[in-house]
Amino acid sequence: EGVLDASSTAGPAPEPSVHVETISATPRVRLLHDFVTADEAAALIALSEPLYHRSSTARATGDDKRTSFSATLPSSNSDVAAVRRRIARYSGYPEANLEPLQTVRYRGGEFYRPHHDFYNACETWYRGNRHFTFLIYLSDVAAGGDTNFPRLNITVPPTPLAALVFDNCLRNGEPDERTLHEGIEPSGGAVKYAINGWMRSRPISSL
């Protein structure tokens, strides 16, 4: 089992020391404070800068539902590799199940309308669905940029260096419709940087 299933605090974890805050018990939504260090966050933002492209969804290369920009990060980078190992440790899943990490950048007015991270039965979930989402906030956001769960009546502000973690599926592996969520646009000239980490139920190489 992973740290998230074992305790409400990380205990003697490698740097950084992480505190787990429960936001919702069912479905499980948690905020892992200080999941990355300030140095890691700065390095990841810099690494991403030349790699950005218009964000896509599972159904389209670019559409009006999602107007942010994304950058796929190389797993060979030492900071990326450290974050990948940390996600695997806290989720309790093998790192082989983790999709390539993506930085997402939201400038003022950019958003991601309500959506699910899981795949439905008409797509690819039977080949290994996204069981966990790790949304790691890399920067302070002066205004806006919240993550909203409309069916849970929960809004989470972007907390610098923390990871918002939620289960996309029920215990039996079926998609959990309650995890509908959206990325609200920053306002007042603010910019939001975050990392998406999607942990699958099966190794990526087997999909």
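**Reading salt bridges in a predicted model**

Guide: Buried means under 20% relative accessible area, exposed over 50%, and partly exposed in between, with a 1.4 Å probe and protein chains only. This is a predicted model, where local features need pLDDT of at least 70 and side-chain atom pairs count only at pLDDT 80 or more, while totals for chains, interfaces and linings use all residues. Residues are numbered from 1 along each chain as its sequence is written, and side-chain values use heavy atoms, leaving out hydrogens and water.

Visitor: Which residue forms a salt bridge with Arg 84?

Guide: Side chains of opposite charge can pair when their charged atoms come close. The rule here asks for a side-chain nitrogen of Lys or Arg within 4 Å of a carboxyl oxygen of Asp or Glu. Arg 84 pairs with Glu 95, their closest N and O atoms being 3.2 Å apart. Glu 95 is partly exposed, at 31%.

Visitor: How many salt bridges does this rule count?

Guide: Ten. One of them joins Asp 167 and Arg 28, with the closest N and O atoms 2.8 Å apart. These two are 139 residues apart: Asp 167 is in strand E10, Arg 28 in the loop between strands E1 and E2. Strands (E, at least two residues) and helices (H or I, at least four) are DSSP runs, numbered from the N terminus.

Visitor: Are Asp 167 and Arg 28 buried or exposed?

Guide: Asp 167 is buried at 9%, and Arg 28 is buried at 16%. Together with Arg 30, they are linked in a network of salt bridges.
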